[in-house]
Amino acid sequence: MKIAILLTCHDRKEKTLKCLHSLYSTYKNYDTYLVDDGCTDGTPEAVMATFHNVHIIKGNGNLFWSRGMYTAWKVALKHQYDFYLWLNDDTVLYPFFMEYLISSYGKMKGNCIVVGLIGNIFNKEEVIYGGYDSTKRLITESQYPQEITYMNGNVVLVPKEVVKKIGIIDSVFHHDLGDVDYGLTAIEHGIKVVTSARIIALGYPNNYCRVRKWGTTLCKRIKKLNSPLGSPLNINFYYRKKHFGLMNALIYCTYLIYINLLPDKVVEKLWGNKYKDESFNKYAN
């Protein structure tokens with residue numbers, strides 16, 4: 001069974017190395033494809049000095065998460081793999097992570113994508129990533145894999161059969177929504193998306209608000225909204241029209257404009273702290 005590991009990184013050397021150490025702690029022969037998206041902190045050099053199965057792919061510094069993963073996957077496709085594993089570089093894997101992913105895949109009798117449940121690195125019992133059901137309720141641990149509608153891309157196992165059917169990440173997506181889009185595309189093609197039964201890795205909570213910047217001018221707020229790290233109107237329109245129809249796309253993009261045109265005090269009065277920034281890591285997804 002051949003598995004390709006796909007990552008993208010930017011200036012998080014210690015976290016990237018910690019992630020790779022956890023990956024190779026129990027099995028040394030994974031082929032890893034790591035996109036260096038303009039690192040300035042010596043990440044690729046440190047990786048090459050320690051891990052010899054990692055293929056470094058140079059990015060242009062403007063790929064971010066979705067296009068970085070797309071780039072890594074394109075290179076990995078040149079070889080024949082049974083599975084492709086998406087892996088965020090700020091994730092610390094448990095030694096049994098692959099066993100749980102493959103077990104979940106087997107229990108579903110194939111034709112599925114398996115998303116790993118991720119615990120809070122500061123509170124290991126708390127699930128912070130993995131997936132959500134159709135009502136956007138975060139899925140937690142269970143005895144069996146659970147089907148989800150909206151998936152997070154932190155640790156995701158994609159079998160070659162799925163790739164043959166729906167391809168790889170859509171290159172339209174820059175940073176955000178590439179993972180959610182891929183999961184919805186799979187479901188629309190009759191492919192199940194399920195979580196691992198248990199937490200298989202730890203990660204960092206991210207409470208960053210993409211859709212509105214607080215405490216700044218209207219001009220800067222709109223600029224941030226349409227940046228790769230924001231929630232660009234063209235990307236949102238494409239995503240929502242693709243999965244939910246034209247009317248949904250128009251209404252949602254109008255709503256994004258509306259909440260950005262309103263001043264902070266009005267937004268706070270109407271929605272409380274919903275759109276306030278709290279914390280953010282550039283390549284957290």
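V114 stands opposite L157 in β10. Strands here are DSSP runs of E, at least two residues long, numbered from the N terminus. This is a predicted model, in which local features need pLDDT of at least 70, side-chain atom pairs count only at pLDDT 80 or more, and totals for chains, interfaces and linings use all residues. Residues are numbered from 1 along each chain as its sequence is written, and side-chain values use heavy atoms, with hydrogens and water left out.

Strand β6 (residues 112-120) runs antiparallel to β10, joined by two bridges. Two strands pair if DSSP finds at least two bridges between them. Strand β4 (residues 83-87) is also antiparallel to β10, with five bridges. There, W86 has V156 as its bridge partner in β10.

How many residues of strand β10 are buried? Five of the five in residues 155-159 are, so β10 is largely enclosed by the rest of the structure. Buried means under 20% relative accessible area (1.4 Å probe, protein chains only). In a regular strand, side chains alternate between the two faces of the sheet. V155, L157 and P159 cover one side of β10, V156 and V158 the other, and all are buried.

Now the cysteines. A disulfide is a pair of cysteine sulfur atoms within 2.5 Å. By that rule, the count is zero. The closest cysteine sulfur to that of C9 is in C39, 3.8 Å away, which is too far for a bond. C9 is buried, at 0% relative accessibility. C209 is in no disulfide either; its nearest cysteine sulfur, that of C253, is 15 Å away. C209 is buried too, with a relative accessible area of 8%.

Notes:
Buried means under 20% relative accessible area, exposed over 50%, partly exposed in between (1.4 Å probe, protein chains only). Helices (H or I, at least four residues) and strands (E, at least two) are DSSP runs, numbered from the N terminus.
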